[in-house]
Amino acid sequence: MTFSSISALSPLDGRYAAKLAALRPLMSEQGYMHRRVQVEVAWFIALSDAGFQEFQPLSPGARTYLLNLVKNFSEADGHAIKEIEKTTNHDVKAVEYWIKSKFEARPELEKASEFVHFACTSEDINNTSHALQLRSARDTVVLPALDKLLLKLRDMAQAYAEVPMLSRTHGQTASPTTVGKEIANVVVRLQTACDRIAAVRILGKMNGAVGNYNAHLAAWPDFDWEAFARRVVETPEPLGLGLNFQPYSIQIEPHDYMAELFDAIARANTILIDFSRDIWGYVSLGYFKQRLKAGEIGSSTMPHKVNPIDFENAEGNLGLANALLRHLSEKLPVSRWQRDLTDSTVLRNMGVAAGYAVLAYQSLGTGLGKLELNSEALAADLDASWEVLAEPIQTVMRRYGVQGAYEKLKEVTRGQTVTAADLHQLIRSLDIPDADKQRLLAMTPGSYTGKAAELAKRV
């Protein structure tokens, strides 16, 4: 059967394939191979500069050729490595053999070919490749997608800063806020989450089979292999990897930074699940309308339907992303003794977790772009909820020592339909200064928003 978008097992490579074009080169198996070639080449070039009599510094032409293997790595190169793997049944060894095959007819490189993958265990290549993948995905896809959402939400928070809205605590009417202030809450939470994602230090180790430089020291006992490995890991690309050095490990890098990163992304996703559900509810209440798109259908039987599908899609995909991210963060730091293989198959799903998250961010952005504020619905809801002014009235009564202030307002308002006339009658009967009495009489549910507008404009 020929593979196509409708025969794909995962919707990320089927229905949603076009939406994840930016992520696929980074987190696919081809992306993984590309990074492995990058690590092997960086290690090989660094070895040539280490001062060993047996491996003299490479010529400028050889260096350029090697770096171009990385720069120009193609899908055809990936397929060539997969062909070699059919024989080796070992993916890292297949990369090593592919690189060596590129040395043919190049005497300088052929002579030094045994320094490809020198003293390395597969995990020296794998852990650094995963780190390069994650850094690229985070910095070029995940954070930019979240930043785009943040920009849109900030604009909305400030645009709607002064638009009053009825709050609902426990689903019941509560002290009014503004639309912009409720969006500002999300902006502040999401910005904090993004800062934590960006702050995670991406680590890499290059210390051999069990983390002790055993093979390295067997070859050159007097060489400072730890300092050398640090240089390769920390030197900026393309001659190094530009990562943070991990000095202690078993065969595998411990994956604690991965857990930290995945947890940080999951926290951002949880904030957006909360937001998606709230917007869904506000659409249901009529606070927002959704712009129509010609040709779209909301229901196969109910022609009037305009469903909040983008927010539902986002919620579902954020949930899928978090299920995977949380499994990754809980499983990866656990490895039996000096290593077991359970991390290997799990790590191949990092791109799946990121894919569902990025898909959700796109859906949210699309949904937000369709929203139109329904000022009439917001105003009508407020005007039907005069009971929310029980709070300011009883608070002013308390200021002036009116006994039983809370209880008096509870008797008038709790569980009852309250009108402006009911409250005004009560206010006029209060033994408080006339200026405060007039201030309370002038108050409406729509004007009782505290510092909401100021707070919204601050983000």
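Since the model is predicted, local features need pLDDT of at least 70 and side-chain atom pairs count only at pLDDT 80 or more, while totals for chains, interfaces and linings use all residues. Residues are numbered from 1 along each chain as its sequence is written, and side-chain values use heavy atoms, with hydrogens and water left out.

Helices come up first. Helices (H or I, at least four residues) and strands (E, at least two) are DSSP runs, numbered from the N terminus. Axes are lines fitted to C-alpha atoms, for helices over the stretch in contact, and angles run from 0 to 180 degrees between N-to-C directions. Helix 2 (residues 29-48) packs on helix 3 (residues 60-71) at about 160°, with the axes 8 Å apart. That makes helix 2 roughly antiparallel to helix 3; angles under 35 degrees count as roughly parallel, over 145 as roughly antiparallel, 65 to 115 as roughly perpendicular and the rest as oblique. Their crossing is left-handed, meaning that the near helix is turned anticlockwise from the far one by less than a right angle, whereas clockwise would be right-handed. On the helix 2 side, His34, Val37, Gln38, Val41, Phe44, Ile45 and Ser48 meet Arg63, Leu66, Leu67, Leu69 and Val70 of helix 3, where contact means heavy atoms within 4.5 Å. Sorted by class, this contact has eight nonpolar, three polar and one charged residues (Ala, Val, Leu, Ile, Met, Phe, Trp, Tyr, Cys and Pro count as nonpolar, Asp, Glu, Lys and Arg as charged, and the others, Gly among them, as polar).

Helix 4 (residues 75-88) and helix 5 (residues 91-101) have axes that come within 8 Å and cross at roughly 120°. So helix 4 is oblique to helix 5. Here the crossing is right-handed. Helix 4 brings Asp77, Ala80, Ile81, Ile84, Glu85 and Thr88 to the contact, and helix 5 brings Asp91, Ala94, Val95, Tyr97 and Trp98. The tally for this contact is seven nonpolar, one polar and three charged residues.

Now for the rings. The structure holds 18 aromatic pairs; rings of Phe, Tyr and Trp (its six-membered ring) pair if their centres lie within 6.5 Å, and planes under 30 degrees apart count as stacked, over 60 as edge-to-face and the rest as tilted. Tyr160 and Phe288 make a tilted pair, 6.5 Å centre to centre with 55° between the planes. This pair ties together distant parts of the chain, 128 residues apart: Tyr160 sits in the loop between helix 7 (122-159) and strand 1 (164-169), and Phe288 in strand 5 (residues 288-290). Both Tyr160 and Phe288 are buried (under 20% relative accessible area; exposed means over 50%, partly exposed in between, with a 1.4 Å probe and protein chains only). One aromatic cluster includes Trp43, Phe44, Phe103 and Trp220.

Most residues other than glycine have a negative phi, and most peptide bonds are trans. His117, in the loop between helix 6 (107-111) and helix 7, has a positive phi near 65°. His170, in the loop between strand 1 and strand 2 (172-178), also has a positive phi, about 60°. His117 is buried, with a relative accessible area of 12%, but His170 is exposed at 79%. The peptide bond from Glu237 to Pro238 is cis, with omega near 10°, and Pro238 lies in the loop between helix 10 (225-234) and strand 4 (244-245).
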